[in-house]
Amino acid sequence: MARPLINKKALILKAAIKVFAQRGFSRARTAVIAREARVAEGTIYNYFKSKDDLILTIFEQTWHDLIRALRTALRPIQDPIQKMTLVLTTVIDLFESNPQLAEVFLVELRQSGKCFSNQPMAVILEFLDLLEEILKEGIAQGVIRKDVDTKVARGFLFGAVESILLGWLLRKTHPDYFGKEKPYTLEEAKETLMKLFATGFFVR
């Protein structure tokens, strides 16, 4: 019986997320990532040019997979409000289910200095375009206000989700930063986000 093929690239990416989250990007070593993935260190360089290439691939692949899944899920939905709710809550759910991935995206990518290079910006813009498409659909259907600037609005929504996730993550990893301030759940954050979306964007 033939042995199942092992996807070494996927194993390396999964290991890199764990090591970057635990040790920080600057202190992470490819030898540690290889040990976590149970591959030879040289195997990493069969798939990735460098540690920088690793973290950028994590970012790009996650966003591409997410956007592709979202477009599939959105296809049968006609209501732009339902579409926007699905998109925003899906992003929050993704990172809630994988705090290590959230750490890599929200903290380590920034500290690596790669956050605003061409590769991350390209996939971020692809996601922003998806948000803008939904906003324009809502305007065309008369459920979202016509005076909303869709370029500004898409950035507002993206920034709101990012801020919610970063606040949630830091409260988990550095609770001392917030003193006695009561933490919020992401379920509460999603509910508040959609209330703000309704108040500021919907036609009354």
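Biologist: Let's start with the overall picture. How many helices and strands are there in the chain?

Modeller: The predicted model has nine helices and zero strands. From the N terminus on, the elements run α-α-α-α-α-α-α-α-α. Along its principal axes, the C-alpha trace spans about 60 × 50 × 35 Å. Buried residues make up 44% of the 204 residues. Of the contacts with a separation of 6 or more, 70% are between residues 24 or more positions apart.

Biologist: Now the rings. How many aromatic pairs are there?

Modeller: The count comes to 12 aromatic pairs, taking ring centres within 6.5 Å as the rule.

Biologist: Why is the pair of tryptophan 63 and phenylalanine 105 called tilted?

Modeller: A pair of rings is described by the distance of the centres and the angle of the planes. For tryptophan 63 and phenylalanine 105 the centres are 6.3 Å apart, and that is within the 6.5 Å limit, so the rings pair. Their planes are at 45°, while stacked needs under 30 degrees and edge-to-face needs over 60, so this pair is tilted.

Biologist: What makes that pair a tie between separate parts of the chain?

Modeller: Tryptophan 63 lies in helix α4 (residues 51-74) and phenylalanine 105 in helix α6 (residues 99-111), so the pair ties together parts that are 42 residues apart in sequence. Both rings also belong to a cluster linked by ring pairs, together with Phe59, Phe95, Phe127 and Phe158.

Biologist: How do you know whether tryptophan 63 and phenylalanine 105 are buried or exposed?

Modeller: Buried means under 20% relative accessible area. Tryptophan 63 has 5%, so it counts as buried. Phenylalanine 105 has 7%, so it is buried too.

Biologist: Let's stay with α4. Why is threonine 62 called buried?

Modeller: Threonine 62, which is in helix α4, has 16% relative accessibility, and that is under 20%, so it counts as buried. Leaving aside neighbours within four places in sequence, threonine 62 is in contact with Thr57, Leu94, Leu101 and Phe105.

Biologist: And what makes isoleucine 67 buried?

Modeller: Isoleucine 67 also lies in helix α4, and its relative accessible area is 2%, under the 20% cut-off, so it is buried. Not counting residues up to four places away in sequence, isoleucine 67 touches Val123, Glu126 and Phe127. Glutamine 22 is 45 residues from isoleucine 67 along the chain, and their C-alpha atoms are separated by 27 Å.

Biologist: How do you know that leucine 131 is buried?

Modeller: Leucine 131 has a relative accessible area of 0%, under 20%, so it is buried. This residue lies in helix α7 (residues 118-140). Leaving out residues up to four places away in sequence, leucine 131 touches Met84, Val87, Leu88, Arg154, Leu157 and Phe158.

Biologist: One last thing. How do you know that lysine 51 lies over the face of phenylalanine 25?

Modeller: Lysine 51 is at 4.6 Å from the ring centre of phenylalanine 25, within the 6 Å limit, and its direction has to be within 35 degrees of the ring normal as well; lysine 51 counts as lying over the face. Arginine 171 likewise lies over the face of phenylalanine 178, at 4.2 Å from the ring centre.

Definitions and conventions. Residues numbered from 1 in each chain as written. Predicted model: local features only at pLDDT ≥ 70, side-chain atom pairs only at ≥ 80, totals over all residues. Heavy atoms only, no water. Phe/Tyr/Trp six-rings, centres within 6.5 Å; stacked < 30°, edge-to-face > 60°. Helix = DSSP H or I, 4+ residues; strand = E, 2+ residues; numbered from the N terminus. Buried < 20%, exposed > 50% of the residue type's maximum accessible area, 1.4 Å probe, protein only. Contact = heavy atoms within 4.5 Å.
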